[in-house]
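The sequence and the model come first.

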Amino acid sequence: MASARGARVAAQWGTNLLQDNQANVLGQLGQGYDASQGYLGQAGDLYSGMTAQGQQGLDKYNALTLGSGADIQRALEGSGGYEWNLGQGLQALGRQASAKGMLNSGNFDTDTLAFAQGLAGQQLGAERAALQPYLGMYQQGIGGQAGVLGSQAGLATDYFGNRASVMDNTTKSIVGLGTEALKAGDQAKSQNQANMINGITGGVKLLGSLATGGLGSGFLNFGGAGGGGAI
């Protein structure tokens, strides 16, 4: 029985060692996971800032591109650059017309309308071109955020997969130790039973040998000496 007890002690020692090692490995995995998620979160914040700034430009670009002509005209008139250029241009036209004595003529009204229309077309193209960097910033920000989310998802999948693998391996190892301990116990039990049976069998053989070969002949000799050789 000593072998079976030793096997159980060894199995318990191995189990404790495996469980301690599992806790250490899982702790290291958790620290790495948290650190990686933190760095990815910082990157996501940077991309989020890019997206927010780009969104403002995208909204202005849409206002200058989508909708009816009247909607686009209102959006254009609301831009600071158009208002300033229109004011400067009208003032210049007014000075020219005044110098020529044509300030109240129909030609001045025609020139003013033509200038305003031409300026609108030019300014609209300029405003859209000025917003292009914001569109690129928005696209980069969205792409970066999507990449960060994908990395976080992949990291989480790997992390929990590694945790499951570590715990599964530990469980299998503990089960293996327990199985070996049971086998050792069964072997020790069988050996003890065999030793007991062998001991009993040997004792029976010894008694039989004494009865038939040892003590029996003594009885015969004793009978012969005391009774003239008669039994």
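Of the 231 residues of the protein, 20% count as buried, where buried means under 20% relative accessible area, exposed over 50%, and partly exposed in between (1.4 Å probe, protein chains only). The protein exposes about 15200 Å², and carbon and sulfur atoms supply 60% of that area; accessible areas come from the Shrake-Rupley method with a 1.4 Å probe, and for residues only the protein chains shown count as cover.

The model is predicted: local features need pLDDT of at least 70, side-chain atom pairs count only at pLDDT 80 or more, and totals for chains, interfaces and linings use all residues. Residues are numbered from 1 along each chain as its sequence is written, and side-chain values use heavy atoms, with hydrogens and water left out.

The protein has five helices and zero strands, in the order α-α-α-α-α along the sequence. Helices (H or I, at least four residues) and strands (E, at least two) are DSSP runs, numbered from the N terminus. Among contacts between residues at least 6 apart in sequence, 80% join residues at least 24 apart; contact means heavy atoms within 4.5 Å.

The largest nonpolar core has eight residues: L64, I72, L76, Y82, L119, A120, L124 and L131. A nonpolar core is a set of buried Ala, Val, Leu, Ile, Met, Phe, Trp, Tyr and Cys residues joined through side-chain atoms within 4.5 Å. Helices α2 (69–77) and α4 each supply at least two residues of this core, and α4 gives the most, with three. In soluble globular proteins, nonpolar side chains tend to be buried together.

Q123 is buried because its relative accessible area is 10%.

A search of the whole structure finds three aromatic pairs. Rings of Phe, Tyr and Trp (its six-membered ring) pair if their centres lie within 6.5 Å; planes under 30 degrees apart count as stacked, over 60 as edge-to-face and the rest as tilted. Y33, Y159 and F160 form one aromatic cluster. Y159 counts as buried because its relative accessibility is 13%.
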